[in-house]
Amino acid sequence: MPDIIQLAIPFFLLLIVIEAVFDAIMRRDLYQLKDTSASIIMGIGNVIVNLLGKVVVFGILSFEYRYAFFKLNAASPWTWLALFFADDFTYYWYHRVSHQCRLFWASHVVHHSSQKYNLSTAVRQTWTGSFFGFIFYLWMPLVGFTPVMILTMQAISLLYQFWIHTEVIRTMGPLEFVFNTPSHHRVHHASNGRYLDRNHAGTLIIWDKLFGTFEHEDTADPPVYGLTKNINSYNPVRIAFHEWSDIIRDVRHAQDWREALSYIFRGPGWKPDRLRSAHSTSSIQSSSLN
């Protein structure tokens, strides 16, 4: 089947150029050459890796589909409508878990590593995520969605999410109530405390409102993009693997297997009590000296 994302690449690049030209004219400092170059390299790497990843995932989904409880009519628009909601709901939870479990965050952190927010940030994608994220979609072939339908809808969702990575569009009016928009997604990419782990939506913002993870963009508290602790590097290899490297380091220094597993499966930034206590003591001593 044709890869929709690969077909869209020329349009992605054209829109990035148009936004960059607009930025140069308006002097809004949305783009920075090294940052944009790193994002595009990450996007190219993602496409190359996914050539293998999608083959593996398609094989797994196809195997599952043989044991589907139902066989849905792929030609019916109602099946595609049901698939749209099923995919968007699944993406919400996959995305949310990617912020709450370090194993998944290690891949997803790539997308949040830029301190700029523009259309090139949309293509700053993981080189490892396709080998993990598919597990959230394993239920879908069992209820009758074909592997081709599932992968196609995933691609459509990614296409939608491209355009919301912009500061040029401030608000979408009434559409803000239902759809994920640039304003909602700017919140998601912000490192401000009130914005952390909010607005995990793919296409519909309703899931965040339903499950308590929605936060509106406040012009009095503009988003500060990037990570709470930025890596300050444009090296694609470091961008792709820095969190994996940190996980390996932490696991090697773990005192037991429970601590090792916690470093992998608990939230990003988790530390055992012994290290949190040591950090607190160090901070108090430093304050006393000052």
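1. Let's start with Arg-249, which counts as partly exposed at 40% relative accessibility; that label covers the range between buried, under 20% relative accessible area, and exposed, over 50% (1.4 Å probe, protein chains only). Its salt-bridge partner is Asp-250, with the closest N and O atoms 3.0 Å apart. Asp-250 is buried, with a relative accessible area of 12%. A salt bridge here is a side-chain nitrogen of Lys or Arg within 4 Å of a carboxyl oxygen of Asp or Glu.

2. A word on the basis: this is a predicted model, where local features need pLDDT of at least 70 and side-chain atom pairs count only at pLDDT 80 or more, while totals for chains, interfaces and linings use all residues. Residues are numbered from 1 along each chain as its sequence is written, and side-chain values use heavy atoms, leaving out hydrogens and water.

3. Arg-249 and Asp-250 also belong to a network of salt bridges with Arg-102, Glu-243 and Asp-246. The whole structure has 12 salt bridges.

4. Another salt bridge worth a look joins Glu-217 and Arg-186 (2.9 Å, N to O). Glu-217 is in the loop between helix 9 (206-211) and helix 10, and Arg-186 is in helix 8, 31 residues apart. Glu-217 counts as buried at 16% relative accessibility, and Arg-186 does too at 0%.

5. Helix 8 (residues 182-189) is mostly covered, with eight of its eight residues buried. Its buried residues pack against helix 3, helix 4 (102-112) and helix 5, where contact means heavy atoms within 4.5 Å.

6. Now the rings: there are 17 aromatic pairs. Rings of Phe, Tyr and Trp (its six-membered ring) pair if their centres lie within 6.5 Å; planes under 30 degrees apart are stacked, over 60 edge-to-face, and the rest tilted. Tyr-94 and Phe-136 are a tilted pair, because their planes meet at 45°, with centres 5.3 Å apart. Tyr-94 lies in helix 3 (residues 77-100) and Phe-136 in the loop between helix 5 (119-122) and helix 6 (139-142), so the pair ties together parts 42 residues apart in sequence.

7. Trp-127 and Phe-241 are edge-to-face, 6.1 Å centre to centre with 75° between the planes. Phe-241 is partly exposed, at 35% relative accessible area.

Notes:
Helix = DSSP H or I, 4+ residues; strand = E, 2+ residues; numbered from the N terminus.
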